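Hello,

Here is the structure you asked for. Please open it first, then read my notes below.

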Amino acid sequence: MKDLDPTYIQAPEHRRDSNSIPNQPEEIRVIDLSRLDDPEDVQNVISEIGDACEKWGFFQVINHGVPLDARQRVEKTVKTFFDLPREEKIKVKRDEVNQVGYHDGEHTAKVKDWKEVFDMYFKNPVVIPSSTDPEDEGIRLVYNKWPQFPSGLREACEEYARHAEKLAFKLLELISLSLGLPKDRFRDYFKDQMSFFRINRYPPCPRPDLALGLGHHKDPDVLGLLAQDEVGGLQVRRRSDGVWFPIRPVPNALVINLGNCMELWTNDKYWSAEHRVVVNTTRERYSIPFFLLPSHDVEVKPLEELVSPKNPPRYKGYKWGKFYASRNRSNFQNQDIEILQVDDLKVVT
Ligand code: OGA
Ligand code: NI
């Protein structure tokens, strides 16, 4: 039995084998977006998306318009970067002030994840609150950090992120329509979007029975678009009964999932699902998520159109930038701070 640093050991109830995964996995829907070219099929696509957002908070899309060669350029250049010695990689290390660049010690729910990441904001610079203090209205700018080598990394990432952002807004329109709202209902929330782009590398792990590549969590964002390679490992918890299901790798597909903002805006009609990543002993795995995030000053609260006396708001609102900053601080600092969760904002009735 090989040893594993104790900081990686998950509590028994969170380990890979402690939650039954059915032998016959229920398929998470794979939606072909080229169907949008057929006017007679558009409404079906919108209802399928709505249904997936309600039941799972996850679906996959194919023929989504993000060019495969743009994705392959990112995959190739980031692999070169991650294969560099650690001394090189930490030259662009994340720090507490500027949370972009390389990082290999992330905590989710107080346990260390078996992975390394490279992060960059979509807008460069991005505007974020200067502190987590709710009274402090100060803002600051954060600039991305780019390694000197490999030289094509920045260009490849920026190009891919532009395509991913375009698709994110397209999906947001379809989601708005599925809620019976105008397609541009959310658009104003993104003037200074804090969206970011991440590359996750999950190395082979000696004890995949004890550690996770990424511990169970919900994403705080609006939506995520994730490209995963063929290795597999991403799992999602079904809304109806909390059972974990694998998200099967589909060539050239993107995995779409809703984050906390959507759950709040829709007053729980749509779901942001818990998910996690299991690792294995032999193969490294890459995933490339683009996270769509609102501007820091957006007040996230249930939309007026979606609440009524019969369906009163279930959450108090929050300033997006503050919520995000306080979550990030707890991610970064140490294992003792409780991470702010969206359920902490539930209105107690
Ligand atoms: C994330 C995430 C899943 C994966 O980065 O928030 O859930 O498959 N990633 O890497
Ligand atoms: Ni996630």
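His296 sits in the loop between strand S16 (285-292) and strand S17 (299-300). Helices (H or I, at least four residues) and strands (E, at least two) are DSSP runs, numbered from the N terminus. His296 is buried, at 14% relative accessible area. Buried means under 20% relative accessible area, exposed over 50%, and partly exposed in between (1.4 Å probe, protein chains only). Contact means heavy atoms within 4.5 Å.

This is a predicted model: local features need pLDDT of at least 70, side-chain atom pairs count only at pLDDT 80 or more, and totals for chains, interfaces and linings use all residues. Residues are numbered from 1 along each chain as its sequence is written, chains are lettered from A and ligands numbered from 1 in the order in which they are written, and side-chain values use heavy atoms, with hydrogens and water left out.

Confidence next. pLDDT is the predictor's confidence in each residue, from 0 to 100. The chain averages 92, and 93% of the residues score at least 70. Over residues 332-337 the pLDDT is below 50; this stretch has ten contacts in the model beyond near neighbours in sequence. Where pLDDT is low, the predicted coordinates should not be read in detail.

Now the metal site. Which protein atoms are the donors of the nickel ion (ligand 2)? They are NE2 of His217, OD of Asp219 and NE2 of His275, lying 2.1 Å from the nickel ion. Donors are N, O and S atoms within 2.8 Å of the metal (3.2 Å for Na, K and Ca); water is not among the atoms, so sites may look incomplete. The donor spacing in sequence is H-x1-D-x55-H. His217 and Asp219 are both buried.

UniProt, in an unreviewed entry, lists residues 192-294 as "domain: Fe2OG dioxygenase". UniProt positions are given in the numbering used here, feature names are shortened, and annotations may be inferred rather than shown by experiment. Over residues 192-294 the chain is 6% helix and 39% strand. The end C-alpha atoms of that range are 7 Å apart.

Helix H1 covers residues 42-55. Its 14 residues should span 20 Å at 1.5 Å a residue, and the end C-alpha atoms agree, at 20 Å apart. The expected span is 1.5 Å times one less than the number of residues. Buried residues of H1 include Val45, Ile49 and Cys53. The buried residues of H1 pack against strand S1 (30-32), strand S2 (58-62), helix H4 (153-178) and strand S14 (254-258). Just after H1, Gly57 takes a positive phi of about 70°.

In helix H2 (residues 68-82), Ala70, Arg71, Val74, Thr77, Val78, Phe81 and Phe82 are buried. They cover an arc of only 140° around the axis, so they lie on the same side of H2. The arc is that of the directions from the helix axis to the C-beta atoms.

Last, the backbone. The Asn124 to Pro125 peptide bond is cis, with omega near 5°. The Phe149 to Pro150 bond is also cis, with omega near 0°. Asn252 is not a glycine, yet has a positive phi of about 60°. Asn252 counts as partly exposed, at 40% relative accessibility. Asn267, not a glycine either, has a positive phi of about 55°. Asn267 is buried, with a relative accessible area of 3%.

Best wishes
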